[in-house]
Amino acid sequence: MHPRIDYNKCVGSLECYDICPVDVFDAEEIEEGKRAVVARPEDCVECELCVQVCPTDAIKMIED
Ligand code: SF4
């Protein structure tokens, strides 16, 4: 399993990027500021902290 970000919901808080213990996310520059991207899904340890901290419920775990 690894996270997928719904960019219709993402507001660029970078909470997932900040909390991930194994650095799955990168912070990408966009016009409006920054947003997290799932850069290393293979490193995910399925702790689901990113799912829990997302303020807009934009992250779901999906099958590899
Ligand atoms: S589930 Fe845990 S390890 Fe996987 S991306 Fe989210 S915070 Fe990182």
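**Note on a predicted model: loops, cysteines and overall form**

1. Glu-46 sits in the loop that links strand E3 (33-38) to helix H2 (49-53). Its phi is near 60°, a positive value in a residue that is not glycine. With a relative accessibility of 41%, Glu-46 counts as partly exposed.

2. Leu-14 belongs to the loop between strand E1 (2-5) and helix H1 (15-19). Is Leu-14 buried or exposed? Leu-14 is buried, at 16% relative accessible area. Glu-46, by contrast, is partly exposed.

3. Ala-39 lies in the loop between E3 and H2. Its relative accessible area is 32%, which makes Ala-39 partly exposed. Which residues does Ala-39 touch, once those up to four places away in sequence are set aside? The partners are Val-24, Phe-25 and Asp-26. For Val-24, the sequence gap to Ala-39 is 15 residues, and the C-alpha atoms are 5.8 Å apart.

4. Now the cysteines. The structure holds 0 disulfides. A disulfide is a covalent bond that joins the sulfur atoms of two cysteines. The cut-off for a disulfide is 2.5 Å between the sulfur atoms.

5. Cys-16 has a relative accessible area of 9% and is buried. Cys-50 is buried too, at 8% relative accessibility. The cut-off for buried is under 20% relative accessible area.

6. Cys-54 is placed in the loop between H2 and strand E4 (59-62). At 17% relative accessibility, Cys-54 counts as buried. How far apart are Cys-54 and Glu-15 in sequence and in space? The two residues are 39 positions apart in sequence, yet their C-alpha atoms are 6.2 Å apart.

7. The fold can be stated briefly. The protein has 2 helices and 4 strands. Read from the N terminus, the order of elements is β-α-β-β-α-β. Among contacts with a separation of 6 or more, 53% join residues 24 or more positions apart. The pair Cys-54 and Glu-15, 39 residues apart in sequence, has a C-alpha distance of 6.2 Å.

8. Overall dimensions come next. Does the radius of gyration agree or disagree with that of a compact globule? It agrees: a compact globule of 64 residues would have a value near 11 Å, and the protein has 11 Å. Along the principal axes, the C-alpha atoms fill a box of roughly 30 × 20 × 20 Å.

9. Surface and burial totals follow. Of the 64 residues in the protein, 25% are buried.

10. The protein carries 6 positive and 16 negative charges. The mean positions of the two sets are 4 Å apart.

Conventions. Residues numbered from 1 in each chain as written. Predicted model: local features only at pLDDT ≥ 70, side-chain atom pairs only at ≥ 80, totals over all residues. Heavy atoms only, no water. Rg over C-alpha atoms; globule rule 2.2 N^0.38 Å. Buried < 20%, exposed > 50% of the residue type's maximum accessible area, 1.4 Å probe, protein only. Contact = heavy atoms within 4.5 Å. Lys, Arg positive; Asp, Glu negative; His and termini not counted. Charge placed at Lys NZ, Arg CZ, Asp CG, Glu CD.
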